Amino acid sequence: QLQASGGGLVQAGGSLRLSCAASGHTFSSNAMGWFRQAPGKERDFVAAVNWSGRDTSYADSVKGRFTIPRDNAKNMVYLQMNSLKPEDTAVYYCAARYLGSYTPGSTFDYWGQGTQVTVSS
């Protein structure tokens, strides 16, 4: 029901925009988030947005570089990644909560397949 896309290979300092398409369910009332998992590491929180798009939250490591806009009319959420660094290399996953709000540490209930992002130095 959630499909992430837009990953690829990019040089350090470059930008990518990931997309998360929802199907089979309207996620306009759900908080959405992005997570990432680097090889040999646990999956980490990257960013989240509440149902309206007004409230956002970011991991310290991506603050000021990443944003998480959403388009409820299209049932889409994005991760705009700028000033990419090699340490941003990971598989990125989008996720949704049952609820429309998000607070740090909230659990996510729906998960999509990931998309690989590789940042070369």
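Reply: Start with Trp111. This is a predicted model, and in it Trp111 is partly exposed, with a relative accessible area of 33%.

The structure holds eight aromatic pairs. One of them joins Phe35 and Trp111. Their ring centres lie 4.8 Å apart, and the planes meet at 55 degrees. Edge-to-face would need an angle over 60 degrees, so this pair counts as tilted.

Where do the two partners sit in the chain? Phe35 belongs to strand 4 (residues 32-37), Trp111 to strand 11 (residues 110-111). The pair therefore ties together parts that are 76 residues apart in sequence. Phe35 is buried, at 11% relative accessibility. The cut-off for buried is under 20%. Trp111, at 33%, is partly exposed.

Next, Tyr98 and Tyr110. They form an edge-to-face pair. Centre to centre the distance is 5.4 Å, with 80 degrees between the planes. Tyr98 lies in the loop between strand 10 (90-96) and strand 11, whereas Tyr110 lies in strand 11. Because of these positions, the pair ties together parts that are 12 residues apart in sequence. Tyr98 is exposed, at 55% relative accessibility. Tyr110 is partly exposed, at 24%.

Then the charge. The charged end of Arg43 sits over the ring of Trp111, 3.8 Å from its centre. The charged end of Arg43 also sits over the ring of Tyr93, at 5.9 Å from the centre of that ring. The distance cut-off for this contact is 6 Å.

A search of the whole structure finds one cavity of 30 Å³ or more. About 50 Å³ of space lies in the largest cavity. Its lining includes an aromatic residue, Phe27. Also in the lining are Leu2, Cys20, Ala22, Met32, Arg70, Asn72, Asn75, Met76 and Val77. Strand 3 (16-22) and strand 9 (76-81) each supply at least two of the lining residues. By type, the lining divides into seven nonpolar residues, two polar and one charged.

Terms used:
Residues are numbered from 1 along each chain as its sequence is written. This is a predicted model: local features need pLDDT of at least 70, side-chain atom pairs count only at pLDDT 80 or more; totals for chains, interfaces and linings use all residues. Side-chain values use heavy atoms; hydrogens and water are left out. Rings of Phe, Tyr and Trp (its six-membered ring) pair if their centres lie within 6.5 Å; planes under 30 degrees apart count as stacked, over 60 as edge-to-face and the rest as tilted. Helices (H or I, at least four residues) and strands (E, at least two) are DSSP runs, numbered from the N terminus. Buried means under 20% relative accessible area, exposed over 50%, partly exposed in between (1.4 Å probe, protein chains only). A charge sits over a ring if NZ of Lys or CZ of Arg is within 6 Å of the ring centre and within 35 degrees of the ring normal. On a 1 Å grid over the protein atoms alone, a cavity is a set of points where a 1.4 Å probe fits but cannot get out, and a pocket is an open set with protein on both sides within 12 Å along at least five of seven lines; lining residues have an atom within 4 Å of a point. Grid points are joined across faces, edges and corners, and a volume is the space filled by probe spheres set on the points. Ala, Val, Leu, Ile, Met, Phe, Trp, Tyr, Cys and Pro count as nonpolar, Asp, Glu, Lys and Arg as charged, and the others, Gly among them, as polar.
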